[in-house]
Amino acid sequence: MLNLLKVFVRNRKAAFGVFIVVFYVVVALAAPLITDHDPNKRVSRPHQPPSAEYVMGTTRMGRDVYTQLVWGTRTSLMVGILAGLIVTLIGTVVGLTAAYYGGATDETLNFATNVVLVLPQLPLLLVLAAFLGQVGPLSIAIIIGLTSWAWGARVTRAQAMTLKNREFIQASQLIGEPVWRMILVEMLPNLLSIIGFNFIGSVIFTIITQATLEFLGLGDPLSVSWGTMLYNAKNASAITVGAWWEMAAPCVAIVIIGVGLSLLNFGVDEISNPRLRTLGAIGKAMKLQKKLDRARLAEKEA
Amino acid sequence: MRFILRRLAFYLVAFLVAATFNFLIPRLMPGNPADVMLAQAQGTIPPEAREALMETFGFINEPLYLQYLKYLGSIFTWDFGLSVKYYPTPVFDLLARALPWTLFLTGTATLLAYALGTLFGIRAAWRRGSGFDSFMSPLALALQSIPPVVIAITAMFLFSVSLNWLPAGYAFDPSLEPSLSGPFLSSVFFHALMPVLSLSIVLVGGYLITMRNNMIGQLGEDYVHLAEAKGLSDARVRYNYAARNAFLPSITAFAISLGSVFGGSLITEVVFNYPGLGNLLYMGVIARDFPLIQGQLLIMTLAMLSANFAVDIAYVALDPRLRRA
């Protein structure tokens, strides 16, 4: 565990990503400690610009943008993580099952995966959300989780297929290990980077999609999240009346967590794929060589 | 040819799945969607629309399998029912009016983003670790994780509200008559500029990263070293050898990205009030116009499947192995 942490810290991109994500998690956990009142309470006059008292200004309804943002972090992160878990669970189970059993099982599962992959996702989510009425954060997490697993399943299957023909798997087959052991102990650890990649990617996707659904007015307007903040700001024409802070706060929050999670993902990719990792070193070496060459050339001319 | 036919059959099944979803969802929800809709609309829907609604959802006094068959029949004759918000305009007419704008928007933005992303990706991989690479790749990554909503809103705020350079809505100046004249086309161009660019920005990062990573994989291959050893020019090794082979997986990535292309265009249209499917859908969502929302799922599925099919054909044209198989 400590070793893994070291690897993360040594990779600059991953370290920066970890920092951002940890910061958000701390904010989400500490929400009751770092805010003074209920996020839906009217604390001031509408559309007050940022000031010492309300650091991010107030909304059209006179609510404190800062408080809403902090509590919204809680909702958005929870929805992201829950949907990410559902996506990863379904994707991994489907991918592994298809790769391990092969044959008709594989054909069926692969076919289902490919069908889900070519269906337009946002329109499908819109239909589901519209029929469910105004959906709360929990339902949003579940419907996103249930419709977004296909990509992960495909990637996991591809990776597991290449594992299946490796010698250590065949050896474990020959010594008669039970199926659960082969899948959980032999194959799963070798898929961890793909699974992690899938999980982080799904969390980003969910946070963005949740904000989008709520922005379009399909969320529960009483819940506090970045998406409902955007929705309220849009309804209050915040941009056209010049109350940019109402719109900017959730936008910036979404962008930064998105960047943080992608950096983390990029780091995971570099850590697990040595070819991508050494690039920085090669670049540095090449630059140094050029510098040396130039210095030598200058010496010769002098 | 067999490959193409198999893909066609696959897309037909995929379309049937989407249609079946559309058929099942209203039936799995508690209560009767027509009554739910009337209740939610609070009097804005004329009561005589109820009959039409029931029929749209296929709630007729017949067994389920007959309802299903009848539903499928109506879909394949382009009968998606009547819109509630724009009662009694057929949903199909509304969609057909909006679809060209969406295709125009997504088509231009995707091609632009794909061309730029691929070119930059090749360059970043070729000089990996260089200033260009270490600036562009993280930037691409960051862009990829910014939601379309945020980019569209920011562009709108900067260029329409603050600087007042570009129009903030519609596809063309409403005072002009649609024609092939200069002023009309330039009006279309300036109205499309912001939506197209903000949609491309969302997409370009993903294409760049995919192409870069594919290209780096190819650059380690023996045939590339051989080409270099033979003394071929840099440009030739770069484009005719490495990039050419790195291109194929990037086309698959392109096909996979189509879903987010259509998703992104929905949002961009809503923000810029652009008269495509996304904006129409937004009106439908606000008014809880179920037939309209369902119709757009089918049209979007159809658009996405056609785009995927076009990618398949491109794949066959580019990869000789598929033609021989």
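Contact is taken as heavy atoms within 4.5 Å. The model is predicted, so that local features need pLDDT of at least 70 and side-chain atom pairs count only at pLDDT 80 or more, whereas totals for chains, interfaces and linings use all residues. Residues are numbered from 1 along each chain as its sequence is written, chains are lettered from A in the order in which they are written, and side-chain values use heavy atoms, without hydrogens and water.

By this criterion, Thr228(A) touches Glu214(A), Asp220(A), Pro221(A) and Ser223(A), residues up to four places away in sequence not being counted. Thr228(A) belongs to helix H11 (residues 226-235) of chain A, helices being DSSP runs of H or I with at least four residues, numbered from the N terminus. With a relative accessible area of 4%, Thr228(A) is buried (under 20%; exposed is over 50% and partly exposed in between, with a 1.4 Å probe and protein chains only).

Over all chains, the structure holds 14 aromatic pairs (ring centres within 6.5 Å, the six-membered ring being used for Trp; planes under 30 degrees apart are stacked, over 60 edge-to-face and the rest tilted). The rings of Trp101(B) and Phe104(B), with centres 6.4 Å apart and planes at 75°, form an edge-to-face pair. Both residues lie in helix H5 (residues 91-126) of chain B, 3 residues apart, about one turn of the helix. Phe104(B) is partly exposed, at 35% relative accessibility. One aromatic cluster is formed by Phe111(A), Phe10(B), Tyr11(B) and Phe309(B).

Technical notes:
Helices (H or I, at least four residues) and strands (E, at least two) are DSSP runs, numbered from the N terminus.
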